[in-house]
Amino acid sequence: MIKNEKERYEAALGYATLMHKGQYRKGGKEYITHPVAVAGIVREKGGDTDCVITALFHDLLEDTAATEEEIERIGGSSVLRTVRLLTKPRNVVMADYISGIRSDPTAFLVKGADRLHNLRSAVEADDAFRRKYIKESEEWFMDFLPEIPEAVEKLREITPSAD
């Protein structure tokens with residue numbers, strides 16, 4: 001049984017690292033750097049241990065072979081419930097997906113931190129991806145964190161329009 005917050009975090013980080021092993025970001029960095037960065041933003045914003053663990057786990061169901069049982073064993077039932085909310089279904093209806101995230105304060109904070117880190121990292125992506133990401137951010141995520149509009153603007157400044 002994992003007893004204290006530090007042990008919970010370390011177990012979660014170890015599991016997320018294992019599950020993302022062999023995955024890389026567009027710029028070539030190991031994928032685990034993304035959930036770790038998202039967890040850091042969440043921590044800066046005052047997120048508790050469950051929120052930080054959710055940040056470490058936010059892409060596990062979507063992008064790895066992680067199981068709900070392992071997520072629950074390590075993170076607990078509330079972490080699993082929130083990770084499910086953050087997992088984008090295959091044929092996603094964005095309005096429903098965003099509505100679910102908005103209904104849960106932890107999911108809202110983690111998704112905001114995820115979007116912010118991805119916006120900051122998108123400088124390494126191609127122009128088409130950046131244009132798509134800017135549009136999606138403007139449509140759905142501008143109010144998730146106060147830093148998101150500025151990050152969108154910075155990305156727009158380096159992204160040529162499609163015209």
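Predicted model: local features only at pLDDT ≥ 70, side-chain atom pairs only at ≥ 80, totals over all residues.
Residues are numbered from 1 along each chain as its sequence is written, and side-chain values use heavy atoms, with hydrogens and water left out.

**Stop 1: helices H5 and H6**

Select residues 68-75 for helix H5, then residues 77-86 for helix H6. Helices here are DSSP runs (H or I, at least four residues), numbered from the N terminus. Two packed helices are described by the angle between their axes and the distance between the axes. Here the axes come within 7 Å and cross at roughly 135 degrees. H5 and H6 are therefore oblique to each other. The axes are lines fitted to C-alpha atoms over the stretch in contact, and angles run from 0 to 180 degrees between N-to-C directions.

Now show the side chains. On the H5 side, pick Glu68, Ile71, Glu72 and Gly75; they meet Ser77, Val79, Leu80, Val83 and Arg84 in H6. Contact means heavy atoms within 4.5 Å. By class, the residues of this contact divide into 4 nonpolar, 2 polar and 3 charged. The nonpolar class is Ala, Val, Leu, Ile, Met, Phe, Trp, Tyr, Cys and Pro; Asp, Glu, Lys and Arg are charged; the others, Gly among them, are polar.

**Stop 2: helices H7 and H8**

Move to H7, residues 94-102. The axes of H7 and H8 come within 6 Å and cross at roughly 115 degrees. Select Tyr97, Ile101 and Arg102 in H7; they meet Ala107, Phe108 and Lys111 in H8. This contact has 4 nonpolar, no polar and 2 charged residues.

A salt bridge is a side-chain nitrogen of Lys or Arg within 4 Å of a carboxyl oxygen of Asp or Glu. Buried means under 20% relative accessible area, exposed over 50%, and partly exposed in between (1.4 Å probe, protein chains only).

**Stop 3**

How many salt bridges does a search of the whole structure find? The search finds 14. Go to helix H1, residues 5-19. Select Lys6 and Glu10, which form a salt bridge with the closest N and O atoms 3.3 Å apart. Both lie in H1, 4 residues apart, about one turn of the helix. Lys6 is exposed, at 60% relative accessible area, and Glu10 is partly exposed, at 44%.

Next, select Glu5, Arg8 and Asp50. A network of salt bridges links them.

**Stop 4: aromatic rings**

Rings of Phe, Tyr and Trp (its six-membered ring) pair if their centres lie within 6.5 Å; planes under 30 degrees apart count as stacked, over 60 as edge-to-face, and the rest as tilted. By this rule there are 4 aromatic pairs.

Select Tyr15 and Phe57. Their pair is edge-to-face, 5.9 Å centre to centre, with 75 degrees between the planes. Tyr15 lies in H1 and Phe57 in helix H3 (residues 49-57), so the pair ties together parts that are 42 residues apart in sequence. Both residues are buried.

Then select Phe129 and Tyr133. This pair is stacked: 5.3 Å centre to centre, 20 degrees between the planes. Both lie in helix H9 (residues 127-140), 4 residues apart. Phe129 is partly exposed at 24%, whereas Tyr133 is buried at 9%.

Finish the rings with Phe108, Phe141 and Phe144, which form one aromatic cluster.

**Stop 5: helix H10**

Select H10, residues 148-157. Glu150 and Lys154 form a salt bridge here, the closest N and O atoms being 3.4 Å apart. Now pick Val152, also in H10. Val152 is buried, at 1% relative accessibility. Which residues does Val152 touch, not counting those up to four places away in sequence? They are Leu119, Ile134, Ser137, Glu138 and Met142.

Terms used. Helix = DSSP H or I, 4+ residues; strand = E, 2+ residues; numbered from the N terminus. Parallel < 35°, antiparallel > 145°, perpendicular 65-115°, else oblique.
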